[in-house]
Each structure stands twice: as structure tokens, then as C-alpha cells.
Amino acid sequence: MFAFVLTRIAQGVVVMLVVGFIAFSLFNFVGDPVALMLPPEATQADRQAMREALGLDRPFTVQFANFVTNAVQGNFGISLRLGRPVSALLVERLPATLELAFVAASLALLVGIPLGVYTGLKRNAWSSRLLLTASLIGVSLPTFLIGIFLILIFAVWLGWLPSFGRGDTVALGAWTTGFLSPTGLKALILPSITLGLFQLTLIMRLVRSEMLEVLRTDYIKFARARGLTNRAVHFGHALRNTLVPVITITGLQLGSIIAFAIVTETVFQWPGMGLLFIQAIQFADIPVMAAYLCLIGLIFVLINLVVDLLYYFVDPRLRIERAGAEGH
Amino acid sequence: MPATTLIRAATLSVLLAFGLAAEAKTLRWSSQGDILTMDPHAQNEGLNNTVSDHIYEPLVTRDKNLKIEPALAVSWKSINPTTMQFKLRPNVKFHDGTPFTADDVVFSIERALAPTSNFSPYMQGITGARKVDDLTVEIVTKGPNPVLLPQLTEVRMMSRAWANKHGVQRPQDYKNKEETYAVRNANGTGPFILKSREADVKTVLVLNSNWWGKMEGNVNEVVYQPIKQDGTRVAALLSGEVDFVLDPPPQDIPRLKKDPKVRILEGNENRTIFFGFDQWRDELQYSNVKGKNPFKDVRVRQAFQLAIDVNALRTQVMRGLSIPTGVMFAPQSDGYDKSLDVAAKPDRARAKKLLADAGYPNGFEVTLDCPNNRYINDEKLCQAVAAMLAQIDVKVKLNAMPRATYFAKIQKHDTSFYMLGWGVPTFDSLYALQSLMRTIGQGGDGNFNLGKYSNPKVDAAIDAMKTEMDLAKRRALAKEALTIHKNDVGHIPLHHQVIPWAMRSSVSAVHRADNRMHAKWVKID
């Protein structure tokens, strides 16, 4: 057990180093921040001085070593665009992204699972066919298009919901929340639908196909033969057994929701980390880009670690096999 | 029933009372990017200067027509060729209540001169300031400086006491890992006071009721919210969530013009787009021509100019949002001459003949470097020009890049043929002439002369302009430099950019060529 966790953590560290290296080396190709930071009229000497001040003149390996040392301490330097420490900026933006991701993921689960069960049970009903066809839209339409459509309908035509921003937020210590104000809640609706729609349709289709699979198995037939109610068979036996892959996918998708919130955040001017990252790219704001990539890498590594550990606890076979292997 | 009526009546009267009291309005506006900092000397960037202008004030400023008018200085006179004396406006107070005096001017000039200041272009030739008495200050220059006043319009005044109190005596230095107090706090003398600032989300300014000037508009609160996505920004305007958009996307302008809820205000921008050539290498770098550089031959440059139809670019690429030109800077600049501002007439036959005379009867190949996110339709313009040049058998390879990589490349003179847009923040032609066509030298000479165009006669005229205090003589010198440059086809000017502003039809604003909206002139019905 302990060895298993250690191996996993070691692997995570290697992944993080690689992510850090990629993030760091990318910066040699995104452009010259000095050209953007100094006025066009600056002389070569000014540019050189700035380059030295930022440490951009040092050898690559030295720059990378410094980067890793600082990154481990959470120090990513100062944003070239906003003149503020990157860590402070990320901490400020994190709540917005996490709240959005949380609402989008909840939406996907709370709507996706029941719809999946429904279409799985009534697979020939016209309503199921309609839902399945509609779900194709969620899978195939690009996020920004969905966002723009929702804005057009609910903000421009109907005027019910805001087209951008997070509304009023309430500060709870370092955390700012949009859950506690009417405008904040209203502002969450369109972005979370936009962000969660893909996951919603994915979960729905996954649950449906798993349900169809499980309903064909022998133990369901036996359950029916025992005279259990439909309700007990469908929810007590069938749905329960479909949830293992759903949990796995949801866990992994949570990472994607956070990482791919970039598009949704840009469309809705949602002040989260993704928007910060997009603006950083345009300004060649290297420290922010580095920090963001590393943070997203870390989130994925952590989620994978947790999922792996969950398997270990959930699936008894894993434990037995491993114990056996060690015995020989 | 009567009760409801009573309530209705009461509500109505309350609303009326508010309506009458609330003569003043909130202006909610937006553009793509956010303000970078509140420090008035840290970032010389368009939007940043626009917002700084609401909070901080310079000694002299520009009016609706970009003419210079008094601001914190009420009058000025030249004491000797290198000293200008300013009388300061009495009884002006900073937002924190401290009075504005000569000490603050001396301090602010020194702060703008600091190495970490981003405003060095406006400080060129200025060596410092000295206090004469509380309301008199002298600004000292290295030599006679005919553009001192235009330069000073961008040098905003801070309070010395406030800066000392908060340790912001110098503009932010990127070497330090900490943000400074002035990044998110402000204390100026201007018509609006910074109320709150949340980067990338919202910046709120409120009216300064103690402001010395006269408010022509009725705005008492200004809310700036950046919206990066073009579609969302326009949607926010249409849904009434914002009142004013500084940068509506060009492709939406025709549609917005038809919407009765929206007003579009158009005017030329103080920015001119042109092409430049490598005129110094002995062998053209990115071309199939070996052993020589065709752009050194004026006939080749002429042929290129004759092949490019700027009016077609206006209608086909810019959707009418450009003003074709024959000069290198906007009409608002001093030194502009209408007689020279004639766009070249395209003449393909002559262009081909000139190419043949120069020894390229079958044309040649060259790479055109072009930005793709800096100027309006920049990449599309380059594509169209490549097609036009193909008609005189010049094969253009287009190399389009984002601004971050583009400018790093061309500023190293690593280009054979490039696009550039130049604005003149001083509204004085010297700024453009010196940067773009003066032979590379000291103090800003030729710092954006990326193809190294060089003509001693042009240099002489530009150098004379630097110290010539007589307006008529300066204008003659500018005309001389421009005429020679035009005959040399040193660059190929395309057009002045046109910048549309979009606003709710209830809003009226004053459009300026420097793309700066000022809420003091905004009226909301």
C-alpha cells in the first residue's frame, strides 16, 4: 500500500517536472516580452538592461533550475502585464474557476445520470430518441458557439441573464463567492451550462450504454426472476453497477472542466484562471503562463492520484492481486 | 384597490424624485483588454493613458480637437531657449485633499524621468524642473525644444506627499517581485476619483466634486469592464449591459449601424499603415534574387507602389474603414501637408516597365512579414497586396505572425519587406519623421527605420526641425523631408486607420484621433 502510494507520487513528480520543462521551454517561442514591455522607442541598451533585469540573458539550464526552485515554493514571479505577484493573481482567480467547474460538473451529473437512466430504460420511446439526437449537439458543437448562442438568446433577445462577468461577489476571507448574491447566481447560469453541456451529454450516453449492457446480464435476469420490483432492479442493481465507470469518467472530466474552462471563461469574460491565461498569452506574460500550466498539470496529477487510490480501495481484486504478487 | 393605487402613486413619486435628482449618470464602458496599472508613469499604453487622463492631469492637455490647452498650468512663457516657466493653477487639490503645488510638479517630472518610467519618449530633451515659488515652476531642456508642450500633455502630476507616504517615489520596477501601492491605488487632481479596482473585472471611478474644471457631460460614475471576446462585447452593448464600446469589431459595424439602439461614431485614428523595404543589405535576405538587393533601386520601389491599389484595399479589405493616404502620419499632426497627401494612382503597365528597366522583367520572389493581431485587418491587407504584386510577377511569400513575435523579429531589422503602423502621440510630425526615416543614430533617430532608409538631405531637414522654434520654418522643413522621402518611395503609405466607436443611442461622446474617450465630455440622456 505504502509502496504503491510512493510509486504514484514519484510518477507524479516526474510528470510535473516534464510539464514544468515543457511550459518553461515553450516560452522561448511565444515571443519577446521585452519588446512588449518597453515602448517602441526604447534603445538596444534599454532592451538589454531589461533582459538582464528579468534574467532572460542567462543560460537556459540556469533559468530552468531557478524556475523549478521558485515554482516549488509557489513563487512564479511578477506578472508582466499587471505588475502583481503571479501567485496572488492565481489565488484571486481560483475561486471563480472552481465555482464554475463545480456548478458545471454538478449540472452534468444531476441531469446526465437521470437522462441516461431514462433513455436506457425506454430506449425505443420517441422522447429517448429526441434526447439522444439533441445530445449529439452537445457533443459536436464547439463550446464557444454554444456560449454565443446562449448569450444571443438569453442576454440579447430575452434580456434575462447577463452576457458577461461574474455579477457581485461576496468575500469570505480569501475566497470570493458568487453563490451568495442574486446577480452572482444569475451570472453562473449561462457559463455553467456552456461548460457542462459536453460532460452532461457524455455522462448521459455513458450511463445509457452501461445500463443497456447491465440490463442484459444474468444477475438482472435472476433479480427479475426473484420477483423484485422494477424500481429495485433498475436503481438498486442496474444503476449501481453502472456507476463505477461513471465515477472514473467524472473524476477525469473534472480536470478537463477546469482546464478547458479557458474557452467558456473567454466567451463570458469570466474572471477565472483561464481568462487570465488567455490574456497572458496575448501579452507574452511568461510568469503567468508558466504558473497556469504548472497548476493545471498539478490538478491533473492530483486527480489521477486520487482516482488511482480510489480504485485501490473500491476494487478488492486490485488489492488481492498485488498482495499475491508480492508473496512470490 | 385604493391601497394599491396609493402605493403606486408613492412609488411613482419616489421614482420621479430619483429621476430628477439623478440627472447625473453612470457610464459603463468596455474594450478588449484591461487597464494595466493605475501608476501614471509605468505603462505608456493607449487604454492606460485614457484612464489615467480621468484621474491624473498634466500641466497642459488637449481639447476636443487635440489642440493644446491649459490644465494644471494656467500660463507659460519661455525664459530662455532652454527654460520654460509655468504658472500653476491655484487652489487645486489632490483627491486626498492635499493642495497641488510646484513641489508636486518637480517631483512628478523627476518620477517620469526615472529609469523605470515608461514615459521616456515624452521626456526626451527634458533634464528636470525647479521650483520658483509655490505656484511657479521652470522646466529645463537640453536645447531649444519646439515640442515641449506636446510632450508635457502625457506627463501626469502626482502628489509628492502621497508618493512618499506609500513608498512609490519611482514607477514600478519589474525587477522587484512586489507590486507597488500605486498599481491599484491612485491620487490625482482629475475630474474622477478611483473608487475600486479589480483587475480584468471592473474599475470604478466616481466624480470629483471638487474638480477645478467645468464638466460638460453629466456622468458621475464611470465603470470600466473589459470584455475580451468580440461577440460578447457587442452582445453586452446590444443587451444594454454596457453603454459604450471603444473597439467594436470591424465586421460588425455595418450591422450595428442599422440597429436603432446603437450609435456609431467614426473618425480617423492617429495611426498610419505602410510598407517598408530592406534598403541596406547588399543581398536581399528573404528572396530568390542572389548577389544584389532589388529594393536599393528606386524603380523597384516605385513599381511596388504603382502595383498597390490603396482604394481597392479600402473597399475590398477595410470595408470603407480607412482613409487612403500618400503620407506617413495622420492629418492632425503639425507638419502635415494636404498637397502631399495624395495616394499613388495604380498603374500596372508602368510598374511592369519599371521592373523590367531595373533588370527584373520576370519579377522576383520576396517574403512579406506581416502582423496578424496588431492593426485592423493586417493579415488580410498583406494577402491582398500579395495578390496585387502577383500581377506584376512579383511572387510574395506571406509570413504572418502574432505581434509578440512579429515586433521582436522586425526590430532586429530581420526582414526584407514588412508592414508597420505608426501613431504620433505628440501630434507633431517630427516624431514620425525622426523614428521612421531619419538615418539610425542617437536619441530615437531612426529607431523604427527598420529597412534603414537613408537620405542625407532628409536627415538634414529632420535635424534642423529638432531645434527650430519658428513654426512656419518647421513646417517647411517637414514638407521638404516628406517630399524627398516621397520621391524616393522610402516607404509605401497605405492608409490612416479609421476607428469606429459604438455606443447606446442615448450616449453622446467626443471622438478623438488618439482613440481616447473622456467621460467629462460624455452625455447620457
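Start with the contacts in chain B: of those with a separation of 6 or more, 70% are between residues 24 or more positions apart. Keep in mind that this is a predicted model.

**Chain B overall**
- Chain B has 16 helices and 19 strands in its secondary structure.
- With a radius of gyration of 26 Å against the 24 Å that the globule rule gives for 525 residues, chain B is as compact as a globular protein of that length.
- If you boxed up its C-alpha atoms along the principal axes, you'd need roughly 90 × 70 × 45 Å for chain B.
- Of the 525 residues in chain B, 49% are buried.

**A helix pair in chain B: α15 and α16**
- To describe two packed helices, you give the angle between their axes and the distance between the axes.
- Here, helix α15 (residues 456-467) of chain B packs on helix α16 (residues 471-488) of chain B at about 160°, and their axes are 9 Å apart.
- An angle over 145 degrees counts as roughly antiparallel, so that's the label for α15(B) and α16(B).
- The crossing of α15(B) past α16(B) is left-handed.
- On the α15(B) side, the contact is made by Lys457(B), Val458(B), Ala461(B), Ile462(B), Ala464(B) and Met465(B).
- Facing them from α16(B) are Arg474(B), Leu477(B), Ala478(B), Glu480(B), Ala481(B), Ile484(B) and His485(B).
- Sorted by type, the residues of this α15(B)–α16(B) contact come to nine nonpolar, one polar and three charged.

**Helix α12 in chain A**
- Helix α12 (residues 273-283) of chain A is mostly covered, with eight of its 11 residues buried.
- Those buried residues of α12(A) are Met273(A), Gly274(A), Leu275(A), Leu276(A), Phe277(A), Gln279(A), Ala280(A) and Phe283(A).
- Look just past the end of α12(A) and you'll find Ala284(A) with a positive phi of about 50°.

**Where chains A and B touch**
- The contact between the chains involves 38 residues of chain A and 37 residues of chain B.
- By type, the chain A side that touches chain B divides into 25 nonpolar, nine polar and four charged residues.

Definitions and conventions. Residues numbered from 1 in each chain as written. Chains lettered and ligands numbered in written order. Predicted model: local features only at pLDDT ≥ 70, side-chain atom pairs only at ≥ 80, totals over all residues. Helix = DSSP H or I, 4+ residues; strand = E, 2+ residues; numbered from the N terminus. Rg over C-alpha atoms; globule rule 2.2 N^0.38 Å. Buried ≥ 20, exposed ≤ 12 C-beta atoms within 10 Å, placed from the backbone. Contact = placed C-beta atoms within 7 Å. Axes fitted to C-alpha atoms, helices over the stretch in contact; angles between N-to-C directions. Parallel < 35°, antiparallel > 145°, perpendicular 65-115°, else oblique. Left-handed = near helix turned anticlockwise from the far one by under 90°. Nonpolar A, V, L, I, M, F, W, Y, C, P; charged D, E, K, R; others polar.
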